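Please read the following report alongside the sequence and the coordinates.

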Amino acid sequence: MKPKLIAMLTVLTLSPLAAHETLDLGGTWKVSLDPQNTGVEQRWFAREMTAPITLPGSVQEARMGDPVTVDTKWVGGVRDRSYFTANRYAPYRQPGNIKVPFWLQPETSYIGAAWYQREIDVPASWTGKRVVLSLERPHWKTTVWLGERELGSNDSLSTPHACELGVAGRDLAIGKHRLTVRVDNTHNPDIGENSHSISDHTQGNWNGIVGRMELIATATAWIEELQVFPDTAKRAVAVKGRVAGIPGAAMPETVSLTPGANTKATVAKLGRDGTFGATLALAADAALWDEFNPALHRLTAEIAGGERREAVFGLRDFTADGRQLKINGRPVFLRGTLDCAAYPRTGHPPMDIATWEHVLGIIKAHGLNHVRFHSWCPPEAAFVAADKMGVYLQVEVNTWPKHSVTLGDGLPVDDWIDRETARILRAYGNHPSFVMLCAGNEPGGPKHPQWLAGWLNRQKKADSRRLYTAGAGWPEIPENDYHVPPEPRIHRWGEGLGSRINARAPETVTDYNDYIRARTAPVVSHEIGQWCAYPNFDEIKKYTGYLKAKNFEIFRESLEAHGMAAQAHDFLIASGKLQALCYKEDIESALRTPRMGGFQLLGLNDFPGQGTALVGVLDAFWEEKGYVSPAEFSRFCNSTVPLALLDKRVFTTGEHLSARAKIAHYGDKPLANATVAWRLVADDGSVAAAGQLASQKPIAPGLGDLGRIDLPLEKVPAPARYKLALEVRAGAAVFTNDWDVWVYPQAEQVASTVPDNVMLTQSFNAAAQKKLAEGGAVVLVIPPSKVAPDAKKGPVALGFSSIFWNTSWTQGQAPHTLGILCDPKSPALAAFPTDPWSNWQWWHPITNAAPMILDALPRELAPTVQVIDDWFTNRKLALVFEARVGRGRLLVTSIDITDAVLDPVRRQLRASLLAYAASPAFQPAVSITKQQLQSLFAKK
């Protein structure tokens, strides 16, 4: 039997009712679980619950429910089902050692109804007052009983659940009562099994109430709604609201509206239905709200009897002007990250303002100004913090209606989105940070564009204070105020090794101007990045709540089984450096695009679900991993960023380094009297060259030209890596950015002949074996096409970039690797300048190579140039290694360096490897057999 649905109020928030008397209901409650859903029929509301539980909190936090097993029912799709069948996961399917690889694992699982109960005491001092129960952030649907009287039900995921208890001393007796709240976290209605509002992919499908829980006493006539619509041009606000009352209550005739301290009140008359409206003038110099000056104002509404309500608002105008997004008439560029509701310490999002200020502070420290809440709506505290800190928010109506449900087909999700949207706008509409609303993520179904067009028209008619779009990712329909498409990025889903970052030589010129010009509305690129780093196993100890990183434990044990546990931290740092490099190019590509609306990263922090997507430069706790600091990140991601447009990053001393200097400036005012300087800086800090560009006129917000850099390289020491640094000064403000470039000697200046005491061969033939048997030195180049693949999985897809999202959720999309790891001090690389990790010059060797799998070789063999494998497989991969074969010394590489006529990078690497092989320093320490060596070649 299902509980009867009775309408409940949903507009109570943290601040507007702060003047009322309240009773905090947090503390010890009692709970009973109802997995068979028999409690309503059996009238559980009429009996005493027994097990203690602390609220705010959840069943999972109390470790109630069932232990996780292979048969646990999850909310969320598992694309890679190998966990349930593959031999490598067999140990983790055993009772007592259950570990799942696809998301964080709760200590207990529970889906169903839970009945929470406590005694409340209505004080005599509340006699004659209306009493309301408010429950913030239940998960999910609630039904409330007072004694045996059912008071109401609610199914909002976004706004507080509130219901009327009655008037104290009249239909609500003074004194003690039994309050029972049934919370049901079953996935019904289906709003999309992968929606981050409910899914095990991120916060988990917990059951409980985690926000404020209180009784609120008001007068019998009260201000039910108060909405503020700013007009920045006139420095005025239009106020709309409604006064409500219990049946028979004396209703006021007017409402007094005061738009700030020391301002005169305006008296508005109430309509017959209790509604009121007025336009109030603010001070002529009233401050506007934006990311640089998040000025807030306060409106007070009061009716007879002293009943008051307040609304905090900002004067701001967030608009679409053709293809350009604007804040208060000035171009704005959204530099965003996703918040996917992953907060592992609690298993639910923060409910307090201080924690949100901490998280948003970290986001701003990385140069970002925007947060997209992927398929969920944050609590009031997040809006309050964002208002205060000047962060632009895109809220979504809790849905990802694609995999388990579709839009526009008459399913319950359609009606639920409409109702939930109205609740969100009513509860949070006054917040100036709430600048964008989206129905949800990546919708599905053949009719979803038409249905969402209607949804957009309804919302824009109802509330003009923000911009609206149909869906994150798609559809791109005329009704959108702005589009969020997945195309403008350097690597798209399914592109594999054909993406720009993997298929084209490094440059810093490409932008998305053609894409933007083909559209008439602003474009904010969807979920760019998704670049992975290797897991940080030191993070495991941070999981002190009920969610545990069992996935990390699986990956760590796999690395140990492959004999590379000691390299875990090196893998993290090296892959992280590559990840940061990929993000820099992704972000700068967007910044150098004229009139682009912005981007939304996926993400600044890790995503724990969907197979484990370690895409953040921060971990799932919004904490640094140790390879890029906020200061470093914000050099290329900020409101003002110098840009150098280079056709390439690799040069020879016979060329000129030529670059166009630009600036992406989206500050609060033009840059006056700006000076521009550039330097070419060597690794030791010495300046190889420097110059000034012409003085600049005031640089208006937008994308501006700074001039050209042209530098002959004939006198620049080579081979060497340099940083081209660009600095823009405007008064006390200094903006800097830099780009790695490499200068190599010209071809005729690099040794191309093979040393007399070295054999260079592409085959382990009789001549090579004879040379080794005589104690000689052999450099064996295994052509990439002849490298043995993984016997079970096929060829290892080597790309320059790191892994996109993760190979589990993408079902094996390339690349399968996380860059290289090497020792720059290795004598084999003495003439080849390199970092310990992938940098842009490695694109040239990597795209002409295939990784060798060394698992069958001795464990003590350490590759000269190692490839970091996917954490799901943890194979020992190499591009270069050395070993003894009998008396001989062997250097093996699977980078194509046979021909001396190569690109400058491989030419230099070839010379370095051959010189090492010819030197007395070439003394491999580990021996391998001929059979082990031959196993590296693909079978014919």
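Does Cys582 count as buried or exposed? In this predicted model, Cys582 counts as buried, since its relative accessibility is 0%. Cys822 likewise counts as buried, at 9% relative accessibility, and for both residues the cut-off that applies is a relative accessible area under 20%.

| Cysteine | Relative accessibility | Closest cysteine sulfur | Sulfur distance |
|---|---|---|---|
| Cys582 | 0% | Cys532 | 10 Å |
| Cys822 | 9% | Cys582 | 16 Å |

A disulfide is a covalent bond between the sulfur atoms of two cysteines. Here a pair would have to lie within 2.5 Å to be counted, so the 10 Å between the sulfur atoms of Cys582 and Cys532 is too far for a bond, and the 16 Å between those of Cys822 and Cys582 is too far as well. A search of the whole structure accordingly returns zero disulfides.

Helix α1, which spans residues 353–365, contains 13 residues and reaches 18 Å from its first C-alpha to its last, close to the 18 Å expected at 1.5 Å a residue. Its buried residues are Trp356, Val359, Leu360, Ile362 and Ile363; viewed down the axis of α1, they fall within an arc of 150°, so they line one face of the helix. The cover over these buried residues includes β27 (334–339), β28 (370–373) and α2 (380–389), whereas the face turned away from the buried side carries the exposed residues Ala354 and His358. After α1 comes Gly367, whose phi is positive, near 85°.

Three strands form an open sheet in the order β17-β18-β21, and their pairing is antiparallel. Its edge strands, each of which pairs on one side only, are β17 (221–231) and β21 (275–281), and the twist from one strand to the next averages 20°. Between β17 and β18 (residues 236–245) the antiparallel pairing extends over ten bridges, and within this part of the sheet Ile223 stands opposite Val243 in β18.

Gly731 lies between β41 (720–730) and β42 (733–744), and it is exposed, with a relative accessible area of 64%. Although Gly731 and Ala674 are 57 residues apart in sequence, the distance between them in space is 7.4 Å, taken from C-alpha to C-alpha.

Notes: Residues numbered from 1 in each chain as written. Predicted model: local features only at pLDDT ≥ 70, side-chain atom pairs only at ≥ 80, totals over all residues. Heavy atoms only, no water. Pairing = 2+ DSSP bridges. Helix = DSSP H or I, 4+ residues; strand = E, 2+ residues; numbered from the N terminus. Axes fitted to C-alpha atoms, helices over the stretch in contact; angles between N-to-C directions. Expected span 1.5 Å × (residues − 1). Buried < 20%, exposed > 50% of the residue type's maximum accessible area, 1.4 Å probe, protein only. Arc of directions from axis to C-beta. Contact = heavy atoms within 4.5 Å.
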